[in-house]
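Subject: Structure for you to look at

Hello,

Please find the structure below. My notes on it come after.

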Amino acid sequence: MAGAAGSADARLRERMGEALGLDVVEVNVTGMATFESPYPVSDLAAASVAAAGAGVSAVLEASGFGRPVATVRREYADAWFRAGVRPVGWIAPSPWDPIAGDYRTTDGWIRLHTNAPAHREAALRVIGVDADRDAVARAVGIWEADHLEAEVVAEGGCAATMRRPEEWRRHPQGVAVAGEALVARDTTETFDGGSDWRPTPERPLAGLRVLDLTRVLAGPVATRLLAGLGAEVLRIDPTGWDEPALAHEMTLGKRTARLDANDPTGLARLQRLLAEADVVVHGYRSDALERLGLGESARRETRPGIVDVSLDAYGFTGPWARRRGFDSLVQMSAGIADAGMRSVAADRPVPLPVQALDQATGYLMAAAVLAGLRQRLVAGTGSTARLSLARTAVELEGARGLPRVARFAADEPADGHLLQAEWGPVRVLAAPFTVPDVRIAWERAPRAIGSDNPTW
């Protein structure tokens, strides 16, 4: 059932459907919204999940199994945006480094993202203090926000000045991102034909090989859903990378291995995996794979007709096209944290209640994969799709102020199933959408990054 005309729900679903070439409006959306925010976060959650559901319907139709209509349950979409995999009887580590967060400057606010050791060290070199939060706050307090942002980024770190929405709209990067497509899709060459993918009504992605070259958080959300639909997902990380606070959520249903692509042997292995994949999903900065000799043209030559979906934080054009970024930073840059602060008259930045840009973009990436697979089934060709957190933020900003579904104090979903992960048991919530006769489920328990061999 489509949302009321002129509502946030209707706008978001229409825009997503147009960008993906999918009928997102036809998806049924039921249940109650649960997020409190000046932005329509629950509508964003339901719409992006609906886009993935529409993608499943499109693949089934192209496979000759009819066109069942998906149903999104708002409470479940919201719950997955919070955390779809919940520890039972144990507590996961905090995902935030002790000095990560928002700091007051001489002229406003800046956010430092220091979860990765290299990013923390870069920020500390610029600020000139040890990793003590009070010392960092005192040191940051003598900087102008834009100056510190530029210095941290130049040093290889991650930071973002808090801007107002209208400031971001005038900023060169804000202008560039607003001019990009929400999902920039293109058709490529004919698929070369070798694949174990055999869609069934129950498991639409059975046998599909997905090479997962993503990190926190949007990319892993996308590939996790593909695994839930039956795909064989192999996540590859570089040596030394880890995500201990999020591995229980983001490795669900996947195998995960390490390769050093800077080593000729590791790069050759990665190229062989790519040559055997149906889909590649990557979330590195737009120049990172180019430097390894695995840019878009090389990927297409290695696996003609592959479905290739990529993610960037700040977009693919403009002066910040290759800037390191994360959801919390984009919220600061794009004015979301400022609007949140002003809506409740707070004395500091107020972000969205969840990392909604990451989550929504992840479901849109999964939908882009499904749209690409539909195209492969119908036309026999491959495809590329590019998405960014900043471009998703444009859609969310555009829906702010539109009528939305009333918020209710709905109980958190209590159903789901238990899996035994190496850290302890986890409860996996029931999927955020359903499609008649389709089983969305994850049999492979979460595992530590690098647990498996780099092979299909």
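Predicted model: local features only at pLDDT ≥ 70, side-chain atom pairs only at ≥ 80, totals over all residues.

Residues are numbered from 1 along each chain as its sequence is written, and side-chain values use heavy atoms, with hydrogens and water left out.

Salt bridges

Side chains of opposite charge can pair when their charged atoms come close. A salt bridge here is a side-chain nitrogen of Lys or Arg within 4 Å of a carboxyl oxygen of Asp or Glu. The whole structure has 32 of them.

In one, Arg163 pairs with Glu149 at 3.2 Å, N to O. This pair links distant parts of the chain, 14 residues apart: Glu149 is in helix H6 (residues 145-154), and Arg163 is in the loop between strand E6 (159-161) and helix H7 (165-170). Helices (H or I, at least four residues) and strands (E, at least two) are DSSP runs, numbered from the N terminus. Arg163 and Glu149 are both buried; buried means under 20% relative accessible area, exposed over 50%, and partly exposed in between (1.4 Å probe, protein chains only).

Arg447 forms a salt bridge with Asp452, with the closest N and O atoms 2.9 Å apart. Asp452 is buried, at a relative accessible area of 17%.

A pocket is found on a 1 Å grid over the protein atoms alone: an open set of points where a 1.4 Å probe fits, with protein on both sides within 12 Å along at least five of seven lines; lining residues have an atom within 4 Å of a point. The second largest pocket is lined by 19 residues, and Glu296, Arg299, Ser310, Phe316 and Arg386 lie nearest its centre.

Nonpolar cores

A nonpolar core is a set of buried Ala, Val, Leu, Ile, Met, Phe, Trp, Tyr and Cys residues joined through side-chain atoms within 4.5 Å. The largest has 109 residues, and Val72, Phe81, Leu205, Leu373 and Phe433 have the most contacts inside it. Helix H2 (residues 41-62) gives the most to this core, with 14 residues. Another core, of 17 residues, lies apart from it and includes Leu211, Ile236, Ile306 and Trp456.

Regards
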